[in-house]
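Here is a protein model to read together. Look it over before the questions start.

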Amino acid sequence: MKRTLVFFLLFISLIFFFASCDKNRIYDDNQELPESGWQATDIKKFEVEIKDPATPANFYINVRNAEGFPFRDIFMFIKTTFPNGKYSVDTLDCILADEKGHWLGKGLGDIYDNQIPFKKNVRFPMAGKYTFELQHAMRIDPVLLIMDVGLRIEKSEN
């Protein structure tokens with residue numbers, strides 16, 4: 001019992017250590033999707049507080065899929081609401097597999113994590129709270145075997 005507790009505490013410590021080493025991260029969060037599938041009406045929202053709009057940033061969409069996902073890609077609508085209430089909507093084709101059907105994400109067993117570039121070297125127009133909404137834009141509903149979706153914003157190196 002004592003040995004298990006020591007290993008558990010060591011594991012948690014390593015997670016915090018590696019998470020704190022990510023100096024470029026501005027925001028990174030994922031939301032789980034139900035096993036019954038991702039409904040088009042199930043819009044995932046991410047609220048991000050931007051304090052320094054002068055810092056250029058890269059945006060990524062995170063997608064975790066199971067090996068049985070029947071498509072090579074998934075289309076998404078991404079709505080960005082700015083602190084002043086204005087908004088923009090983009091459509092992104094998230095490529096998950098190559099032409100031969102090999103999964104592109106990092107895999108562990110039959111689960112694959114993908115980080116799809118959305119926007120590079122972008123400056124926020126103003127400080128404040130931004131809301132990003134992810135909605136699938138596929139012709140089938142619900143979309144099965146997509147397990148999580150998320151958003152990562154990091155400082156650009158340029």
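Predicted model: local features only at pLDDT ≥ 70, side-chain atom pairs only at ≥ 80, totals over all residues.

Residues are numbered from 1 along each chain as its sequence is written, and side-chain values use heavy atoms, with hydrogens and water left out.

Student: In what order do the four strands of the open sheet lie?

Tutor: Strands are DSSP runs (E, at least two residues), numbered from the N terminus. Two of them pair if DSSP finds at least two bridges between them. The pairing in this open sheet is antiparallel, and the order is S2-S8-S4-S5.

Student: Why is one side of S2 and of S5 left without a neighbour in the sheet?

Tutor: Strand S2 covers 44–50 and strand S5 covers 87–95. One side of each is left without a neighbour because both stand at the edges, each with a single partner strand.

Student: Which residue in S5 stands opposite Ile78?

Tutor: Strand S4, residues 73–81, runs antiparallel to S5. Nine bridges join the two. Opposite Ile78 stands Asp90.

Student: Which strands each supply at least two residues of the lining of the largest pocket?

Tutor: A pocket is an open set of points on a 1 Å grid over the protein atoms alone, where a 1.4 Å probe fits, with protein on both sides within 12 Å along at least five of seven lines; lining residues have an atom within 4 Å of a point. The volume here, the space filled by probe spheres set on the points, is about 280 Å³. Among the lining residues are Asn62, Val63, Arg64, Asp113 and Gly150. The strands are S3 (57–66), S7 (111–122) and S9 (146–155).

Student: How many residues of each class line the second largest pocket?

Tutor: This pocket has a volume of about 190 Å³, and its lining includes Glu32, Pro34, Leu144 and Met147. Ala, Val, Leu, Ile, Met, Phe, Trp, Tyr, Cys and Pro count as nonpolar, Asp, Glu, Lys and Arg as charged, and the others, Gly among them, as polar. The lining has eight nonpolar, one polar and three charged residues.

Student: And how does the lining of the largest pocket divide?

Tutor: Arg64 and Asp113 are among its residues. The classes come to two nonpolar, five polar and four charged.

Student: How many residues apart are Arg152 and Asp28?

Tutor: Their side chains meet in a salt bridge (a side-chain nitrogen of Lys or Arg within 4 Å of a carboxyl oxygen of Asp or Glu), at 3.0 Å, N to O. Arg152 lies in strand S9 and Asp28 in strand S1, residues 25–32. The pair links distant parts of the chain, 124 residues apart.

Student: Is Arg152 buried or exposed?

Tutor: Buried means under 20% relative accessible area, exposed over 50%, and partly exposed in between (1.4 Å probe, protein chains only). Arg152 has 8%, so Arg152 is buried.

Student: What is the N to O value for Asp42 and Lys44?

Tutor: Asp42 is partly exposed at 22%, while Lys44 is buried at 10%. Their side chains meet in a salt bridge, with an N to O value of 3.2 Å.

Student: Which residue does Arg64 meet in a salt bridge?

Tutor: Arg64 is partly exposed, at 30%. The bridge spans 2.5 Å, N to O, and the partner is Asp113.
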